[in-house]
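Subject: Structure handover

Dear colleague,

Here is the structure I said I would pass on. My notes on what was found in it follow below.

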Amino acid sequence: GQRNCELAIEEVVKSISEDESKRGEWIEQYFKLDQDSRAAPSTLLLTLNYLNELKLLDKLFSSIWLKSLDEDIEGRDILLLDSQALEHLEIFEARGENGKLSEAGSLFDYLNRGLSNLGARLLKRWVTAPMRNVSDLESRLDAVEDLIPLQGLCSRFRQFMKVIPDLERIVASIHIASLKEATKWNGSYQIPKNLLKNFYSIIRALKKVPEALNIFHDSKAFMKSTRLQQLLTFEKDEVIDGSLGVFPDFQTTVEKLEAMMTWEINGEEYLLLPKSGICPKYDQIEKTVETTKTELDRELSKIRSRFKGHKGIKFAHVKFR
């Protein structure tokens, strides 16, 4: 009944916020709704409660963005196309001469000239939900108009994009891998081998971002599109009209990470290790390991000396004897 629902809300709110005042606020807002209007929040509540039971709520809730469903179609800034509209307008598939559907000849096939999977996914979202707002449309057209005479610079930028990994998928795979490890009950955390390699590729890509944005540095002053200027400017810097850029400044985070950690790469094996002084406990373990190695080497030398320094005598891993 109502009390059980109140307890469920309290459990969920405890998991996602330390603000106790929100518990009463959520409960009050929930029971103000009529019975027919409770379906959506009830479904959300059950989902959050299930994630809480799986010990995943704190991990997932911080990375999602919730927005109320706007049922007023006329008030939307985008036009939502259903499956029938996508099919009839041949947005992603067109019927060929043989009568079979394929991407060839579709609107997406005509528009997609991107070099990255990341760009292709963004374009898919754009053509699936086209803009309705005239000013937004004009802003995007201004950006296209600005880029048309800069084909040389665009070609340089496209060459840069060829070597950029699929950041969306890599970040998602890292997040999923961390969630899988976090749900283990034995208290251990084993980082998957490919996770650090993927993380390393992200760091390398982020370090190249300033070089890529700098390609258009001298041309930004002549651009009509304020939005394009902002996209080519880091969020801490100003553009021509005094507004701030919107491109995230990853460099500070990367520099902080590199000041604390160092990479050790051996073939396909990637290790991310703390630098000396960052983690005293790790430093002590490293010191103990080095001391143990020295003692073992000394003991090995003693044994070899008894057999005229025979170098064939060596330690062997018990797993591979």
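In what follows, a residue is buried when its relative accessible area is under 20%, exposed when that area is over 50%, and partly exposed in between (1.4 Å probe, protein chains only). This is a predicted model, in which local features need pLDDT of at least 70 and side-chain atom pairs count only at pLDDT 80 or more, while totals for chains, interfaces and linings use all residues. Residues are numbered from 1 along each chain as its sequence is written, and side-chain values use heavy atoms, with hydrogens and water left out.

Overall picture

The protein has 14 helices and four strands; these are DSSP runs (helices H or I, at least four residues; strands E, at least two), numbered from the N terminus. It has 321 residues, of which 23% count as buried. Its accessible surface is about 23,600 Å², and carbon and sulfur atoms account for 55% of that; the areas come from the Shrake-Rupley method with a 1.4 Å probe, and for residues only the protein chains shown count as cover. Of the contacts (heavy atoms within 4.5 Å) between residues at least 6 apart in sequence, 47% join residues at least 24 apart.

Salt bridges

A salt bridge here is a side-chain nitrogen of Lys or Arg within 4 Å of a carboxyl oxygen of Asp or Glu. The structure contains nine of these salt bridges.

One of them pairs Glu168 with Arg121, at 2.8 Å from N to O. Glu168 sits in helix H10 (residues 167–182) and Arg121 in helix H7 (residues 117–128), so this bridge ties together parts that are 47 residues apart in sequence. Glu168 is partly exposed, at 34% relative accessibility.

Arg169 bridges to Asp166, with the closest N and O atoms 3.7 Å apart.

Asp249 is buried, with 15% relative accessibility, and Lys236 is exposed, with 55%.

Regards
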